[in-house]
Amino acid sequence: MKRSLFLVALLLILALVLSACGRRTTPTPPPLSGDLPANAMAVAQERGLTPDDIYAAMKTYTPSGKHDDYYIFASGGHSGNLIVIGIPSMRILKNVAVFTPESWQGYGYGERGIEEMLDAGNVGDVKLRMGDTHHPALSETNGDYDGQFVFINDKANARVAVIDLRDFETKQIVKDPNLISNHGSTFVTPNTEYVIQGSQYATPLGWEYAPISEYEEKYRGLITLWAFDREKGRIDLEQSFSIEVPPYWQDLCDAGKLASDGWGFCNSFNTEMYTGGLLQGNPPFEAGVSQSDMDYLHIFNWKKAAQVAAAGKVEMINGMRVIRMPTAVAEGVLYLAPEPKSPHGADVTPDGKYVVVAGKLDPHITIYAVDKIEKAIADQNWELDPFGVPVLDYDAVKHAQIELGLGPLHSIFDNQGFGYTSLFLDSAVAKWTVGGDDPAAWTLVEKLPVQYNIGHLTAAEGDTVSPDGQYLLVLNKWSVDRFLPVGPLLPQNLQLVDISNGNFQVIYDMPMGIGEPHNAQIIKADKINAWTAYPQIGWDPLTQAPSPYATQLGEERIERDGNKVEVFMTSIRSRLTPDHIELKKGDHVTWHITNVETAHDAVHGFQMGGQNVSLSIEPGETVSFEFVAEADGTYPFYCTEFCAALHLEMMGYTFVEP
Ligand code: K7E
Ligand code: CUA
């Protein structure tokens, strides 16, 4: 008997070893050669595919179960979220809730901590539950993405959010107390010391009331440096500060790196300080802010600014340290340089030596050399603007210009020495050479048509010190006739462009029906180490620490103290314990649920009718919510994730006795 058991065990082990070996030694099929297989050829013919189409399909088709090579982190625009997509498949992987409640993730539907986080941005009594995300920024170490965090701004309300890439969840929202809109945000310094935020539409600081007639006197812009504490994974408000800048409507910013480490750059587009007034017979804003041939590139030294702030040469305004303009000028923190006309993007080349500015109403991009900027500053080669800020001599800092086409907006880089600029009006991408010291070596190479009206473009790690090349992503504003009709509100169209081995070809169209991605960043997939479950059972993702309300199997209970009721519940396939929650009308209920599972993907959800509660409880997570049992009745609650065959049975009742 013993011997036969031993034999069976031996056979089992042998089978396991063999199957493991089998997996490792599965022969890879020989590379395809010659013509397509006959059935594939038939499909190509039937669908009228060109050789380019077939190439595009082969580049992007991702076999079942195979992972993508890159993550895209794309803003969701005025959906207020962050969208995660894979390259080359262009499959949407996740829509990370940031500024807007999202009920699948249980974000903003009762979970304690998340409500408070969303409330952190509230303006007075107004609960902000919308947002306008524009520019995601991955955290960097030595100017390279490190895969730890991603930041994103809310243009509408001047907020910045921190998302932890261990669980792809939002951890913090901060609101600039002196701004009500931002735009040049978010951009990180090379070691994520700071998250840069530029303002957009000038207001009096703290958006106080001041009539538009007092524009020059009272309205201002700000460049805010949000200090990031990497250990805590949080923006440190105490260490953050702002630099006061003129009311020129600052636009996109970028941080210097390598040769320009310590500097930051922000465009502006209303140096006219035009203030509108259509009903008074004045020209529209669009004309008024576009009168001058030149606007100003803002050049700021954030390292110096940090020293100035640390030395206390600041004013506390609404709880934020602000370096006032005269101090910024006196301390050599702030300079301006003329830039042609209504600029939009300011993008630093991978070596940090040049800043590329694209003027919306100028067919050129203008390239500034950082060493020339530093020389002009040393030579005091400047005039003063009306606020006393030095305006560096244009000819002294301008390095080169390339005529690209109509409506240049943003630029990005590959690993072969090329830059790419979006041309909004041309609906095209211009590819050009990053020329180096010789201004004549900066030249247009070719243009690629895209559909339609491209805004941002991004490339694999294309705004770091070491771009990957391979893929370019263009984010188009209009899709018009490209997809099946879905009514008058159309998706934006993301297009993937192959830029490997000298290619320059659109290989995928991806309608994005869940928001308007403005910008995106693309990171190599192996840089991200996402958790499959929380580190231990009873984890609070908001503090990234064990929850004091963690409930283990067998510890489930209901505690009552007068009209205060506390529920300690567990969830496991396929049971919520306890399953009867007996309340009296008017009870104040605090309810904790711990998902005691550790299995990959064993997520449970929780909803209860009539209470506006929706929770997502991921493996190991403890969530809490509170409510007052206002309405008597009988309320079933249930798990919302189809987690097991008996998932429908994963429910219980709340009884509220009159
Ligand atoms: Cu060009 Cu907000 Cu960066 Cu949109 S912005 S495109
Ligand atoms: Cu748990 Cu369904």
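Tutor: First, a term. A pocket is an open set of grid points with protein on both sides within 12 Å along at least five of seven lines, and its lining residues have an atom within 4 Å of a point. The model here is predicted.

Start with the largest pocket. It holds about 1,000 Å³ of space. Its lining counts 29 residues, and closest to the centre are Leu93, Lys94, Ala530, Trp531 and His600. Where does the largest pocket lie? Domain 2 (70-527) and domain 3 (539-657) both give residues to its lining, so the pocket lies between them. Three strands supply at least two lining residues each: β1 (70-75), β2 (82-87) and β3 (92-96). By class, the lining of the largest pocket has 13 nonpolar, six polar and 10 charged residues.

Now go inside. The model has three cavities of 30 Å³ or more. A cavity is a set of points where a 1.4 Å probe fits but cannot get out.

Take the largest cavity. Its volume is about 180 Å³. It is lined by 20 residues, and those nearest its centre are Phe187, Asp347, Ser411, Asp463 and Asn519. The lining of the largest cavity divides into 10 nonpolar, seven polar and three charged residues.

Next comes the second largest cavity. Seven residues of the lining are nonpolar, four are polar and five are charged. Two domains take part here as well: domain 2 (70-527) and domain 3 (539-657) each give at least three residues to the lining of the second largest cavity.

Finish with a single residue. Glutamine 505 sits in strand β32 (residues 505-512). Is glutamine 505 buried or exposed? Its relative accessible area is 16%. Buried means under 20%, so glutamine 505 counts as buried. Its side chain reaches the backbone oxygen of aspartate 52 at 3.1 Å. Neighbours within four places in sequence aside, glutamine 505 is in contact with Asp52, Tyr55, Ala56, Leu448, Leu496, Val497 and Asp498.

Key:
Residues numbered from 1 in each chain as written. Chains lettered and ligands numbered in written order. Predicted model: local features only at pLDDT ≥ 70, side-chain atom pairs only at ≥ 80, totals over all residues. Heavy atoms only, no water. 1 Å grid on protein atoms, 1.4 Å probe; cavity = no way out; pocket = protein on both sides within 12 Å on 5 of 7 lines; lining within 4 Å. Points joined across faces, edges and corners; volume = space filled by probe spheres on them. Nonpolar A, V, L, I, M, F, W, Y, C, P; charged D, E, K, R; others polar. Domains from an automatic or database assignment. Helix = DSSP H or I, 4+ residues; strand = E, 2+ residues; numbered from the N terminus. Buried < 20%, exposed > 50% of the residue type's maximum accessible area, 1.4 Å probe, protein only. Polar contact = N/O pair within 3.5 Å; in protein donor to acceptor, adjacent residues only side chain to side chain. Contact = heavy atoms within 4.5 Å.
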